[in-house]
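Let's take a friendly walk through a protein model, one region at a time. Keep the picture in view as you read.

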Amino acid sequence: MSKPVVLIAEELSPATVDALGPDFEIRHCDGADRAELIPAIADVDAILVRSATKVDAEAIAAAKRLKVIARAGVGLDNVDVSAATKAGVMVVNAPTSNIVTAAELACGLLISTARNIPQANAALKNGEWKRSKYTGVELAEKTLGVVGLGRIGVLVAQRMSAFGMRIVAYDPYVQPARAAQMGVKLLSLDELLEVSDFITVHLPKTPETVGLIGDEALHKVKPTVRIVNAARGGIVDEEALLSALKEGRVAGAGLDVFSTEPCTDSPLFAFDNVVATPHLGASTGEAQEKAGVAVARSVRLALAGELVPDAVNVQGGVIAEEVRPGLPLAERLGRIFTALAGEVAVRLDVEVYGEITQHDVKVLELSALKGVFEDVVDETVSYVNAPLFAQERGVEVRLTTSSESPEHRNVVTVRGTLADGEEVSVSGTLSGPKYLQKIVAVGEYDVDLALAEHMAFLRYTDRPGVVGTVGRILGEAGINIAGMQVSRAEEGGEALVALTVDDTIPAAVLNEIASEIGATSARNVNLAD
């Protein structure tokens with residue numbers, strides 16, 4: 001078999017290729033060159049990019065085999081996540097790769113604005129000794145306002161508190177008690193603007209945060225305030241900042257990001273009290289290596305068909321090791337459910353019982369949903385687009401969990417209600433140290449049968465001779481029975497026969513069996529693909 005193809009569209013750390021390992025065919029292209037990117041992406045399974053390559057709807061449509069887009073960094077401005085999701089393509093990034101690097105740059109900009117380090121350096125190298133011009137201010141006992149107390153904001157707060165600064169913060173999603181544990185006092189934005197000697201921004205760029213530090217905000221600050229933005233361009237309104245600097249309402253600024261990038265010509269650059277860098281937040285060798293290695297590992301997981309914790313368009317989050325073996329079981333139960341139901345359910349319940357529920361098992365719902373639609377739609381079904389297929393078909397999906405499981409350590413049940421009100425369900429478990437996948441119930445019938453690639457289920461009225469008839473017809477057709485189990489609620493009532501066989505039972509043979517035993521239902525299940 002040919003190896004999956006991974007396209008590296010920008011320069012990445014050599015450690016990235018090492019982390020991918022020998023299991024992939026590695027190709028390279030200049031992702032910023034559109035004419036080179038579109039043909040190069042046509043037959044690849046994964047693409048690794050940084051910020052220069054635009055993986056938009058056109059590129060995604062051209063990539064017929066694409067399964068994963070990996071951004072070696074945090075921001076996803078250059079990836080059309082919505083188009084990727086519709087196409088079933090997983091989007092992954094490296095959310096923690098540059099948090100230390102970004103925090104350190106913010107601290108550097110803050111210190112530089114306080115002590116005029118870049119300006120004094122430039123003057124001295126230009127032959128000017130201007131000690132009095134570049135007199136700065138101490139950080140000790142000053143108030144630092146952190147706008148956004150996420151991972152980077154927390155690191156900045158920790159580092160600057162070591163300088164003796166008083167830390168206040170604005171973040172509506174952080175509880176005061178958590179902030180207090182870090183020695184940070186939470187304030188409203190207006191309060192923070194009024195009391196801060198330095199303000200540093202650490203927010204994502206959203207419609208709500210664009211222009212947050214704008215003209216109105218900059219009329220509330222101290223005239224001695226210095227503002228740092230090493231997060232995203234546009235959160236600090238550049239025109240409003242320009243006016244505040246001109247009018248002396250702001251004492252200085254440190255900027256690493258801009259509304260439009262690359263930015264090489266801005267009226268802000270004319271101010272001696274503005275320190276500017278060309279979006280260096282993630283630009284360290286360590287951060288680039290961490291990002292490349294992180295997304296390489298995610299690509300390996302994604303192309304192996306596993307759920308990826310850093311996938312931005314997949315529900316589920318981090319998977320506990322105890323939960324991971326249940327993913328293929330849940331997916332196969334979903335496929336069996338669809339085969340038994342013969343149609344798409346109106347409502348689908350994924351029920352998880354047992355010890356496993358002490359962990360987050362949301363991923364099992366997603367895995368079951370992937371299996372449910374695997375044999376229903378023509379498109380490739382993935383962890384990404386399975387919820388979209390359910391939504392498009394009006395399927396209500398619910399997850400139920402309980403730590404109680406009387407008969408098995410853990411059980412997963414896929415239960416669905418069909419349009420006519422009929423309920424169909426199948427339950428399974430993992431057995432032994434090798435996690436053998438077993439079916440333990442089909443509807444109201446208890447069974448104990450190892451899952452196999454080829455299975456069949458028949459319902460009929462219980463009577464003697466049925467097992468012999470099934471064996472005879474399959475024998476005549478050259479189909480070997482690997483396992484068989486009969487279950488019934490009562491003697492003479494309806495019974496279920498569950499079969500595992502070495503090959504798929506041809507439809508004509510299954511119909512012959514159904515006719516001979518008077519089966520009310522006969523379903524083939526093929527899990528080989």
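## A buried glutamine

Gln288 is buried, because its relative accessible area is 18% and the cut-off for buried is under 20%. Bear in mind as you look at it that this is a predicted model. You can find Gln288 in helix H12, which covers residues 285-303. Setting aside residues up to four places away in sequence, Gln288 touches Ser13, Arg50, Ala282 and Ser283.

Now look at Val89, in the loop between helix H4 (81-86) and strand S5 (90-93). Is Val89 buried or exposed? Its relative accessibility is 2%, so Val89 counts as buried. Beyond its neighbours within four places in sequence, Val89 is in contact with Leu66, Lys67, Val68, Ile69, Ala84, Asn313 and Val384. Val89 and Ile111 are 22 residues apart in sequence, and their C-alpha atoms are 43 Å apart in space.

Gly136 sits in another loop, the one between helix H6 (117-125) and strand S6 (143-147). With a relative accessibility of 26%, Gly136 counts as partly exposed. How far apart are Gly136 and Ser112 in space? From C-alpha to C-alpha they are 9.3 Å apart, while in sequence they are 24 residues apart. Gly136 is in contact with Ala114, Arg115 and Asn116, once its neighbours within four places in sequence are left aside.

In soluble globular proteins, nonpolar side chains tend to be buried together. Here, the largest nonpolar core has 74 residues, and Ile336 and Phe457 touch the most other members. Helix H13 (residues 326-341) supplies the largest share of this core, with nine residues.

What does Ile336 touch, apart from its neighbours within four places in sequence? Its contacts are Val426, Ile439, Leu451, Met455, Phe457, Val525 and Leu527. There is also a second, separate core of 29 residues, with Leu203, Ile213, Val250 and Leu268 among them.

Strands of a sheet pair through backbone hydrogen bonds, either parallel or antiparallel. In this model, four strands make an open sheet with antiparallel pairing, in the order S20-S21-S19-S22. Strand S20 (481-488) and strand S22 (521-526) are the edge strands, each pairing on one side only. On average, neighbouring strands of this sheet are turned by 15 degrees against each other, ignoring direction.

Within the sheet, strand S19 (residues 454-461) and strand S21 (residues 494-501) run antiparallel and are joined by seven bridges. Arg459 stands opposite Leu496 in S21.

## Helices around the sheet

Helix H13 comes back into the story here: H13 lies across S19 and S22, at about 150 degrees to S22. Helix H16 (residues 466-476) also packs on the sheet, where H16 touches S19, S20 and S21. The direction of H16 makes about 155 degrees with that of S20.

H13 has a helix partner too. H13 and helix H14 (residues 362-374) pack at an angle of about 40 degrees, and their axes are 6 Å apart. Their crossing is right-handed. On the H13 side, the residues that meet H14 include Ala330, Gly334 and Phe337; on the H14 side, Val363, Ser367 and Gly371 are among them. Which classes of residue make up this contact? The contact of H13 with H14 has seven nonpolar, five polar and four charged residues.

Technical notes
Residues are numbered from 1 along each chain as its sequence is written. This is a predicted model: local features need pLDDT of at least 70, side-chain atom pairs count only at pLDDT 80 or more; totals for chains, interfaces and linings use all residues. Side-chain values use heavy atoms; hydrogens and water are left out. A nonpolar core is a set of buried Ala, Val, Leu, Ile, Met, Phe, Trp, Tyr and Cys residues joined through side-chain atoms within 4.5 Å. Buried means under 20% relative accessible area, exposed over 50%, partly exposed in between (1.4 Å probe, protein chains only). Helices (H or I, at least four residues) and strands (E, at least two) are DSSP runs, numbered from the N terminus. Contact means heavy atoms within 4.5 Å. Two strands pair if DSSP finds at least two bridges between them. Axes are lines fitted to C-alpha atoms, for helices over the stretch in contact, and angles run from 0 to 180 degrees between N-to-C directions. A crossing is left-handed if the near helix is turned anticlockwise from the far one by less than a right angle, and right-handed if clockwise. Ala, Val, Leu, Ile, Met, Phe, Trp, Tyr, Cys and Pro count as nonpolar, Asp, Glu, Lys and Arg as charged, and the others, Gly among them, as polar.
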